[in-house]
Every structure is written in structure tokens, then in C-alpha cells.
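Here are some friendly notes to read alongside the model. Please keep the structure open as you go through the points.

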Amino acid sequence: MSLKIVSEALPNTFEFETSALIKASGFREYDARWWFGHPGSAEPPELNLIGVQALGMGLGTLIRRLGAGPDIVTGHDFRSYSLAIKLALVSGLMAAGARVRDIGLALSPMAYFAQFALDTPSVAMVTASHNENGWSGVKMGAARPLTFGPEEMSALKTIVLAGDFDLIGGGSYDFVADFRKSYLDDLTRDKRIARKLKVVAACGNGTAGAFAPEALERIGCEVIPLDVELDHTFPNYNPNPEDMRMLHAIRDKVLETGADVGLGFDGDGDRCGVVDNEGNEIFADKVGVMLARDIAQLHPGSTFVVDVKSTGLFNTDAALRADGAVTDYWKTGHSYIKRRVAELGAIAGFEKSGHFFFNPPIGRGYDDGLITAIAICQMLDRSPTSSMADLYRDLPLTFGTPTMSPHCADELKYGVVERVVSDFQAMKQDGTVFAGQKIAELITVNGVRIVAEDGTWGLVRASSNKPELVVVVESPVSSERRRQMFEAVDAVLRRSPEVGAYNQTF
């Protein structure tokens, strides 16, 4: 079968109905993510269903060439167009000889679990994760529990855009009925807690609404549901636990009901955000420190992996040091951290975005927001005289920001970051005073993390899945030093006219 691959085509035209529209920039570092559009959208789409079919042909070709064989799990998140996209993907996979096991409406971690439960090496989960309505994409892997990194994504991009498909036929399709029950049974087995916890479960009307409340009830929590009704218009806010609107909604519900903790889940359920019983919105990296403390007490000498956006407390916290914990700072991105956790045999990995990864005995190495939620409840269960706010207060005080994302086009963002890194390297070499102090350290494993002499730091990197940059700042000294660092970093960014407005600041 020969498909005409195009990078631009307008809806309601002959070309759109007869060509595979698939924009090259949608093949990102470790996910595929495109603007698919929706009724009333002014933005031209970057993908059509024939393009999705081509993606399936390319993925079916790639997994065989990687030696993973023809078997693959697929599922889809709750959006108005996700089922259609999945079925187009399945038709392409089958044309390339794939044997598809379809688990239906699912969370991304449910699809990762299916790789183990159904003994199927590869996965293709149709999801836009926390992106706004109109976005779609696919999270893929061919070696459980890992997902694709840059090498596999580059190979897939080359195959698809060149139309280099091995269309051998012989594919098959099997719908796996009631896999939701298998997932929830596995998730909650032997996890019952003794402490009576009242928990707000916030799902932003996304897919997690069909899973999270029941999982928490099964382990013994009293669940207060918040926006758990499935509604793909996302009428209240985007299901993104890094979005302050979602965190504020959880805070308000916690304070209204006297809940012990508020837990928020993103659109495909692989991330978890936390609000304590006093309404404090705890950034995920601080939650990671709390969980690391709990885990390190049970398993002294544990190794943890964290992303470069995360708090410096993983290295400096006295409690973690006392339990012999070792922390490795690594590239931001669920595929990068997942792979690093596996490489180092770390017991857990934490991202500031709320992707948490647990190896045995806690999990299977992939990111699952519900496993994270259960781990938080178990941590509280093991601290019966402490509230979530008490555990938060027990951490050394630092002054951090949310993740802030100024707009920058996909075609330009990596070039901007390269210039920013060069600017900071020149400043450090020249001994330039930056944000009131000399630069003590530059960490360039992923963008650049600028560390001042007093430990205050700022990070700039390119977003891996949206046309944005990512900026994070933290100071162990004061909110004033945090502000000073942010303004200094922003001033460097403003040298590049390609950098637009922030989605949120502090």
C-alpha cells in the first residue's frame, strides 16, 4: 500500500481526505504528540486519521525490526476523538502484521500493566496526556517497562515520513474484555490501610475518574470525588496536576470537607498532584522527598533518580542522608527517568511534573498516578500521629515555583535553549555576577540549571511535548532570592524574541 505523506493539508479538502497528514515535529523526544483539532478550532491540524494509519504502519514495522515481535497492547484515553484515532492506528498496525491486544478505554499505566499481565512486549497508548482538548498522541514502548526514547522516536519518524513500511499482512485484533477489573485488582492487592483517611480524588473530568475513586476506596479510604464524571470537554479545568487552577480546586475541596489529603490525577492517570490537609499545594518534587524519606526508612541505602527540575533537597536533606539514600539527577521526561531507574536499579524515580516510578517491591518500574496515590496513603498510614501538613512542615524550608512555560515554537525552541546554555557558560567562565552572585555550578544534562553560591537555582529547558520552554526556580534562602533568580533568568530569555508569554507564573 502506498500512502502520500504530507506535512500540511486543510480539512474539508480532497487532499485531506486522500493523504496522510503527519507533521514531522509531532515526533518528539519520547512521545508522539500532535494538534488534531476539534470543531470550532482555528488552528490547522497537524494530523489526520490517514496519518494515524501511517503511524500504525510505521510502528508495526519498527517493533519487528527492533526484534520485539508482532504483539502489541493498545488502549485510548477519554477524549471525543481518541477511539477513532486508536482504530486508525490499529488498522495500520495490522497492515504491518501486528497482533493487537486492545484493552479499550484505559489509563496509560493500565496499558503498561497489560504488557506484563498479557505477556505482550510492546505498547501503543493513544493519549494526549494532560494537553488541552484538540491534542492527541501515542505513548509507545517495545521493552517493558520502558517507553521509547530519542533513538526509537527518530527511527519511527524516519520510517513513517519516508513511507518505508513492511506491510506483510497477517495481523490480528483481539479485544480484551473487562481489563479494568484486572488492573484495579492488581493495583490494590494487599494494600489495605488501617488509618481512616478522608481523601479528595480530583480527576478534572478526565480518564482517571473511571479508576481513581474505586482504587482508593478499595484500600480503605473515604473518598470525596471532585470532577470525576467523564466529560471530554473538560468544563472546569484541564486535568493537569501542575496547573494551579486544578490545585486550587483541590485545595478548596480539602478545606471545605476537612479531608486528610487531596490527590489530583492527569488526563491519562500516570501523574499525581498533592494538597495537604491545611490546603497547601505541595509541588511534586517535595512530595517525592517525603516519599523518599518513607521508602529509605523501610529500605536503607536506597538509590533514587530525580529530574533536573526537582528540588535540591534530595541531595541535602539530613533524614535521607541518615538513611544512606543516594540521589541521581537526570534528564526530565518520563522515558528518560524510567530508563535511568532501570539502569541504576533505583527503588524509585521522581519528576517535578508528578511522574513517579517505583521498582519492586512497590511497582514494576513504570509511572502510575494511582500507585503514587496509594504510596502516599501508605506513608500516612505508617505515620498515624502526623498529618500530611506535619510531614510537609518537617521538610527543610525552600522557596520554589510551579513549572512555568513560555511559548516557543517547536521548530525554534531547541535553538533558543542552545543559545541560553552558551550565554550561561560564558557568564560562568567570565565570573559574571548573575542574580546577585557568581554562578557556582551549571548542570547541562538537560537544558541548563544555574546554581548560585547560596544554592538558589534556576532551570531552562525545552519542553519535550509542547511548543514551549520550561522554567523552574528554587531558593533555600528566601522568596526574595527566588524572585531575583527568576527575573535574572527571564531577562536572559527575553534576549530571544522567539520566546513568548508564560502560561503561569508565581
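This is a predicted model: local features need pLDDT of at least 70, side-chain atom pairs count only at pLDDT 80 or more; totals for chains, interfaces and linings use all residues.

1. Start at the hairpin of strand 20 and strand 21, which has 4 residues between the strands and where G447 takes a positive phi near 75 degrees. Strands here are DSSP runs of E with at least two residues, helices are runs of H or I with at least four, and both are numbered from the N terminus. Strand 20 covers residues 437-443, and 4 bridges join it to strand 21 (residues 448-452) in an antiparallel arrangement. Two strands count as paired if DSSP finds at least two bridges between them.

2. Residues are numbered from 1 along each chain as its sequence is written, and side-chain values use heavy atoms, with hydrogens and water left out.

3. Next, look at the hairpin of strand 19 and strand 20. There are 2 residues between these strands, and A435 takes a positive phi near 55 degrees. The strands run antiparallel and are joined by 2 bridges, with V433 opposite K438 in strand 20.

4. Where do these strands sit in the sheet order? They belong to an open sheet of 6 strands with antiparallel pairing, in the order 18-23-22-21-20-19. Strand 18 (399-400) and strand 19 (433-434) are at the edges with a single partner strand each, so one side of each has no neighbour in the sheet. Further along the order, strand 22 (residues 457-462) and strand 23 (residues 469-475) are antiparallel over 6 bridges, and A462 has L469 as its bridge partner in strand 23.

5. The UniProt annotation "domain: Alpha-D-phosphohexomutase C-terminal", from an unreviewed entry, covers residues 438-490; such annotations use the numbering given here, have shortened feature names and may be inferred rather than shown by experiment. Over residues 438-490 the chain is 23% helix and 45% strand, with the end C-alpha atoms 17 Å apart.

6. How much area do domain 1 and domain 2 bury between them? The value is about 2,800 Å², 59% of it on carbon and sulfur atoms; buried area is the accessible area (1.4 Å probe) that two parts lose on being put together, summed over both. On the domain 1 side, F78, L107 and H130 lose the most area to domain 2, together 24% of what that side buries.

7. Between domain 1 and domain 2 the count is 4 salt bridges, each a side-chain nitrogen of Lys or Arg within 4 Å of a carboxyl oxygen of Asp or Glu. The whole structure has 43 salt bridges. Among them, K139 and D268 meet at 2.8 Å, N to O.

8. Finally, visit strand 9 (residues 198-202) and strand 10 (residues 222-226), which run parallel and are joined by 5 bridges. V199 has V223 as its bridge partner in strand 10.
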